[in-house]
Each structure stands twice: as structure tokens, then as C-alpha cells.
Amino acid sequence: MQTWLMKRNCSFSPKQVGGFYISIVVFSLLVAGYFYLIGAWMILIFTSIEILAVTIALYVYTRHALDYEKITISGKQLLFERSWGGKIQQHEFNTIWTKLVHDESTGKDLVLKTSTKEVPIGFFVGANKREQFGKELERYLGI
């Protein structure tokens with residue numbers, strides 16, 4: 001059995017993002033509160049816009065921080081699993097009838113292809129390692 005697990009390269013875990021978010025919101029509210037107390041009430045509008053923008057950005061980040069692709073080959077079965085924004089997609093292939101091809105439009109992207117379906121893979125593999133990954137995976141296909 002051979003398994004490849006490819007993950008997104010993220011600096012913060014979702015838990016760390018939560019702590020970072022709370023610290024930014026508290027600091028922004030402290031600064032806005034000070035200016036509100038000295039009579040600059042308009043600062044509350046801009047602070048609200050700032051907090052809303054940070055909330056949206058960090059929400060999108062945390063939704064995709066745990067994205068991954070997993071390829072498992074066991075005997076003649078290839079199982080491809082992708083988690084994207086919390087939604088999991090699974091595709092099952094027979095290694096005998098499956099080819100790994102380069103996408104015709106870009107020439108760089110990898111695609112698992114059979115007569116009935118095509119699934120792009122290797123989204124989380126760096127461009128410099130994509131060719132090596134493709135060669136390693138091809139050894140298990142068409143056997």
C-alpha cells in the first residue's frame with residue numbers, strides 16, 4: 001500500500017488564527033475607544049469596516065487552511081480524496097486503466113484519466129516537485 005498526502009502550506013492553524021483575530025479586534029477597539037472618548041466618534045465607523053474586512057479574510061483563510069489531497073494505492077485500486085473548504089470529494093480508479101497525463105491547456109497540471117473521467121491532481125504539490133511526484137505515481141499505474 002502506497003499513500004501520498006499533500007497539504008496546503010499554511011503558517012497558522014485555525015486555532016492560532018482565532019487567537020490572532022481576538023488580539024487584533026481587542027487592539028482596534030482599544031484604539032477606537034480612546035479616540036471616541038476624546039471626541040472623534042467617526043473612528044467607530046472605520047474600525048467597524050476594518051474589523052469586518054479582517055473577519056472575512058481570516059474566515060476564508062481558516063476554511064481552506066486544512067485542505068488536502070490524498071492518494072492511496074492498494075493493489076489495483078487507487079483512491080483519490082480531496083478536501084476543499086471542508087467538503088470531501090472521493091474518486092476511485094483501477095490502476096490498470098488509469099493514466100497520468102499533463103493537462104493539455106497548461107502542460108504543467110497533472111490529471112488522472114480513464115475512459116470515463118478526468119480528475120486534476122497535485123494542486124498542493126510545488127511546481128519544482130510536480131515532475132518528480134508524477135514519475136513516482138506513474139510507477140504504480142498501468143500495471
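Author: We can begin with a single side chain and its contacts, where contact means heavy atoms within 4.5 Å. Leaving out residues up to four places away in sequence, phenylalanine 133 touches Trp4, Met6, Ile71, Leu110, Ile121 and Val125. Before going on, please note that this is a predicted model, in which local features need pLDDT of at least 70 and side-chain atom pairs count only at pLDDT 80 or more, while totals for chains, interfaces and linings use all residues. Residues are numbered from 1 along each chain as its sequence is written, and side-chain values use heavy atoms, with hydrogens and water left out.

Reader: Which residues have the most contacts inside the largest nonpolar core?

Author: In soluble globular proteins, nonpolar side chains tend to be buried together. A nonpolar core is a set of buried Ala, Val, Leu, Ile, Met, Phe, Trp, Tyr and Cys residues joined through side-chain atoms within 4.5 Å, and buried means under 20% relative accessible area, exposed over 50%, and partly exposed in between, with a 1.4 Å probe and protein chains only. Here the largest such core has 17 residues, and those with the most contacts inside it are Ile71, Leu78, Leu112, Ile121, Phe133 and Leu137. At least two residues of this core come from each of strand E1 (2-7), strand E2 (68-74), strand E3, strand E6 (110-113), strand E7 (118-121) and helix H3 (127-138).

Reader: How many helices and strands does the chain have, and in what order do they run?

Author: Helices (H or I, at least four residues) and strands (E, at least two) are DSSP runs, numbered from the N terminus. The chain has three helices and seven strands, and from the N terminus on they follow the order β-α-α-β-β-β-β-β-β-α. The chain is more spread out than a compact globule, because its radius of gyration is 23 Å, well over the 15 Å that the globule rule gives for 143 residues; the radius is taken over C-alpha atoms, and the rule is 2.2 Å times the number of residues to the power 0.38. Along the principal axes, the C-alpha atoms fill a box of roughly 75 × 30 × 25 Å.

Reader: What share of the residues is buried, and what share of contacts joins residues at least 24 apart?

Author: Buried residues account for 28% of the 143 residues in the chain. Of the contacts between residues at least 6 apart in sequence, 50% join residues at least 24 apart.

Reader: Is serine 83 buried or exposed, and where is its place?

Author: Serine 83 has its place in strand E3 (residues 77-84) and is buried, with a relative accessible area of 7%. Setting aside neighbours within four places in sequence, serine 83 is in contact with Leu66, Asp67, Tyr68 and Ile88. Arginine 82 also has its place in strand E3, and at 14% relative accessibility arginine 82 counts as buried. With neighbours within four places again left aside, arginine 82 is in contact with Tyr68, Glu69, Lys87, Ile88, Gln89, Pro120 and Ile121.

Reader: Where is arginine 8 found, and which residues does it touch?

Author: Arginine 8 is found in the loop between E1 and helix H1 (14-37), and it is partly exposed, with a relative accessible area of 27%. Not counting residues up to four places away in sequence, arginine 8 touches His64, Ala65, Asp67, Trp84, Phe123 and Phe124. Sequence distance and spatial distance should be read separately: arginine 8 and valine 125 are 117 residues apart along the chain, while their C-alpha atoms are separated by 8.7 Å.

Reader: Is tryptophan 97 buried or exposed, and what does it touch?

Author: Tryptophan 97 is exposed, with a relative accessible area of 64%, and has its place in the loop between strand E4 (87-94) and strand E5 (99-102). Not counting residues up to four places away in sequence, tryptophan 97 touches Lys113 and Thr114.
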